[in-house]
Amino acid sequence: MSETDRQPTEEVRQPEPPLPEESGLTLEEYLAMQQAIGHPTRFRILRTLVANDELSAADLKAAVDVKSHNFHYHLNELVDVGLVDKRQRRTADSQGFYTYYRPTAIGQGILKHGVEELMRREREFNDAYGSK
C-alpha cells in the first residue's frame, strides 16, 4: 500500500481563525509587516528607531550605515506597512525642512514580541544550558 492510498485514521483539526472578526487589520496586513521586518536592513532601521524614539532621516541613515538609495527604499517599506510613522517639520530652520521617523506602537510590538523575543529566549537558554 502506497502513502497516497492510506486512509486517514482521524479527522485533521483546523486551527482557529488567526484574527477576531472585528480586527482592525487584515491577515494580509499582518503578514506584510512580518515580511517587512524580515529583511536585515529594515530590521536594523526599526531597531534603531525603537532605541531612539524619533530620528531625522539623515541621523537614521548615518546610524544604520546603508547606501542612500537602499535606505530610502527600506524606510518607505516600513512606513507603507505601518511599522514606522513619518512626519515633516512644518517650519524650516537654517537647514530647511526635516522629515522625522518614529516607530509606531505596532512597530515596537512586533519587534519586542517577535524577533527580539526569540533572540532573548535563545540568550536565556544559552545562559542556562550553554557551555561555561
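This is a predicted model: local features need pLDDT of at least 70, side-chain atom pairs count only at pLDDT 80 or more; totals for chains, interfaces and linings use all residues.
**Exercise 1. Confidence**

Determine which helix of the chain has the lowest confidence and which has the highest.

*Solution.* Begin with the chain, for which the mean pLDDT is 86, with 87% of the residues reaching 70 or more. Then turn to the elements: confidence is lowest in helix H5 (residues 105-129), where the mean is 85, and highest in H2, where it is 96.

**Exercise 2. H2 against H4**

Describe how helix H2 (residues 40-52) packs against helix H4 (residues 68-80), giving the angle, the handedness and the residues in contact.

*Solution.* The axes of H2 and H4 are 9 Å apart, and the angle between them is about 70°. Angles of 65 to 115 degrees count as roughly perpendicular, and H2 and H4 are therefore roughly perpendicular to each other. The crossing of these two helices is right-handed. On the H2 side the contact is made by Thr41, Arg42, Ile45 and Leu46, and on the H4 side by Phe71, Tyr73, His74, Leu75, Glu77 and Leu78. Sorted by class, the contact of H2 with H4 comprises six nonpolar, two polar and two charged residues.

**Exercise 3. H2 against H3**

Classify the packing of H2 with helix H3 (residues 57-64) from the angle at which their axes cross, and list the residues that make the contact.

*Solution.* The two axes come within 10 Å and cross at roughly 120°. Since the range for roughly perpendicular ends at 115 degrees and that for roughly antiparallel begins over 145, H2 is oblique to H3. The crossing of H2 and H3 is right-handed. H2 contributes Arg44, Ile45, Thr48 and Leu49 to the contact, while H3 contributes Leu60, Ala63 and Val64. Of the residues in the contact of H2 with H3, five are nonpolar, one is polar and one is charged.

**Exercise 4. H2 against H5**

Work out the orientation of H2 relative to H5 and the handedness with which H2 passes H5.

*Solution.* H2 and H5 pack with their axes 11 Å apart, at an angle of about 110°, which makes H2 roughly perpendicular to H5. The crossing in which H2 passes H5 is left-handed. In the contact, Phe43, Leu46, Arg47 and Val50 of H2 meet Gly107, Gln108, Ile110, Leu111, Val115, Glu116 and Met119 of H5. The residues of the contact of H2 with H5 divide into seven nonpolar, two polar and two charged.

**Exercise 5. Positive phi**

Locate Asp53 and Asp65 in the chain, and state the phi value of each.

*Solution.* In general, most residues other than glycine have a negative phi. Asp53, in the loop between H2 and S1, has a positive phi near 70°. Asp65, in the loop between H3 and H4, has a positive phi near 55°.

Definitions and conventions:
Residues are numbered from 1 along each chain as its sequence is written. Side-chain values use heavy atoms; hydrogens and water are left out. Axes are lines fitted to C-alpha atoms, for helices over the stretch in contact, and angles run from 0 to 180 degrees between N-to-C directions. Helices (H or I, at least four residues) and strands (E, at least two) are DSSP runs, numbered from the N terminus. Angles under 35 degrees count as roughly parallel, over 145 as roughly antiparallel, 65 to 115 as roughly perpendicular and the rest as oblique. A crossing is left-handed if the near helix is turned anticlockwise from the far one by less than a right angle, and right-handed if clockwise. Contact means heavy atoms within 4.5 Å. Ala, Val, Leu, Ile, Met, Phe, Trp, Tyr, Cys and Pro count as nonpolar, Asp, Glu, Lys and Arg as charged, and the others, Gly among them, as polar. pLDDT is the predictor's confidence in each residue, from 0 to 100.
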